[in-house]
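I opened the structure to see how its two chains meet. These are my notes, in the order I looked things up.

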Amino acid sequence: MTWSRIAARVAASLVLALCASTALADPPKPPKGEAAGRGGKSIQMRMMVTRLSNDGRGVDPKAKELESKLSSQGIRFDSAEVLQKKQIEMGAGEVHTIDLPNGRKARVQPLHQGKDGVLMAVDVEGSSKADVRARPNHTVIFSAGPFRDGKLVLSLEPVESKNEAPKEPQ
Amino acid sequence: MGESRAMTERDEAQLHAYHDGELSSLARWRFERELRRRPALRGELASLRALRGDLQELDGSAAAPDLWDALVARLPGSAVREPDRERTRGGRGAIWWLAPIGAAAATAAIVLAVLYGGFFAPPTDRGGSVRWIDSEDQSVMVLDDDPDTTIIWVLDGATEGASSGGPGDVV
């Protein structure tokens, strides 16, 4: 065997070893916006935790919409303080746990997303468990137990998926 | 994790709802999970099913007596024959021409219902709906008058200063 053949075999082995190590070390990542490891569309949800009370501090500007939704249904209070507000991204079946300031936990699990919105199972410890379907921008408000002479409220609102085809103008 | 708790009122209510097929699919799935975990619950379900079987047997075996012949024998002859006479008094001949008008009116009503009554219209466009709820024996209100909002409000006594009068002052 000539030196050139030996060198060619060594080079080929090195290339193979390099390819194998790359494949093992860095599996392909799902594109952003897809549910991790599930291949389904991700579900975006706005989440807000608010403390309602009658301690005269007024309504946080971020809670104005919540206040109007609740007061229109006869739920009255003079103070609302937003304690957590964020947008969460989940895959269908994935459970997201929210630590509430009163020590309780809320678990949100989107079960299915279809043209009628998101069907989600929500479990607010010590308060209620519910399966609720909500279309994008429909707010589902859960009372989440007492907190500091007031009451906590958890609001969940599915966000319209950007992957959906745009609606035809009417 | 075996049998951990005794039957509560809620268990009983859910058991009956499950037995009668009244639970939603998700609630049924949850309840079946409970059933797998709790032999006592399974026992109760089995007794319910056995009871229903017994009742069905009873129902089938108790044939209702036909009393019509005995009643007819006691009625005066004129009372029995009266309807026949009414029918043959030329009544059928007198209103035959009303049949096409009735059919036309029924057709028009169906067409109007289809056009304006929303026969094929999609169901009310509510943005959300509660499929199943469990508030662990606490009173709960589901408020969904607003099409953009669903409120699930548990009345936990500690903060409901106002058990005095509905949702007007619940915080």
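**Ground rules.** I am working with a predicted model, in which local features need pLDDT of at least 70, side-chain atom pairs count only at pLDDT 80 or more, and totals for chains, interfaces and linings use all residues. Residues are numbered from 1 along each chain as its sequence is written, while chains are lettered from A and ligands numbered from 1 in the order in which they are written.

**Chain B.** I went through the elements of chain B and found seven helices and three strands. Helices (H or I, at least four residues) and strands (E, at least two) are DSSP runs, numbered from the N terminus. The order from the N terminus is α-α-α-α-α-α-α-β-β-β. I then looked up burial: of the 171 residues in chain B, 9% are buried. Buried means 20 or more other C-beta atoms within 10 Å of the residue's own, exposed means 12 or fewer, and partly exposed is in between, with C-beta atoms placed from the backbone.

**The contact between chains.** Two residues are in contact if their C-beta atoms, placed from the backbone, lie within 7 Å.

**Sheet of five strands.** I traced an open sheet in the order β3(A)-β4(A)-β5(A)-β6(A)-β1(B), with antiparallel pairing. Strands pair if DSSP finds at least two bridges between them. β3 (96–99) of chain A and β1 of chain B stand at the edges with a single partner strand each, so one side of each has no neighbour in the sheet.

Where do the chains join here? Strand β6 (residues 128–134) of chain A pairs with β1(B) in the antiparallel sense over six bridges. I picked out Val132(A), whose bridge partner in β1(B) is Val130(B). Within chain A, β4 (residues 105–114) and β5 (residues 117–124) pair in the antiparallel sense over eight bridges. There Ala106(A) stands opposite Val124(A) in β5(A).

I also checked Ala121(A), which lies in strand β5 of chain A. Is Ala121(A) buried or partly exposed? Ala121(A) is partly exposed, because 19 other C-beta atoms lie within 10 Å. Leaving aside neighbours within four places in sequence, Ala121(A) is in contact with Gln109(A), Leu111(A) and Asp131(A). The C-alpha atoms of Ala121(A) and Val108(A) are separated by 5.9 Å, and the two are 13 residues apart along the chain.

**Sheet of six strands.** I found another open sheet, ordered β2(A)-β1(A)-β8(A)-β7(A)-β3(B)-β2(B), with mixed pairing. β2 (79–90) of chain A and β2 of chain B are at the edges, each with a single partner strand, so one side of each is left without a neighbour in the sheet. Strands β7 (residues 139–147) and β8 (residues 150–158) of chain A pair in the antiparallel sense over six bridges. Ile141(A) has Ser155(A) as its bridge partner in β8(A).

**Core.** The largest nonpolar core has 35 residues. Such a core is a set of buried Ala, Val, Leu, Ile, Met, Phe, Trp, Tyr and Cys residues joined through C-beta atoms within 7 Å. Among the members that touch the most others are Ala106(A), Phe142(A) and Val153(A). Not counting residues up to four places away in sequence, Val153(A) touches Thr50(A), Leu52(A), Ile141(A), Phe142(A), Ser143(A) and Ala144(A).
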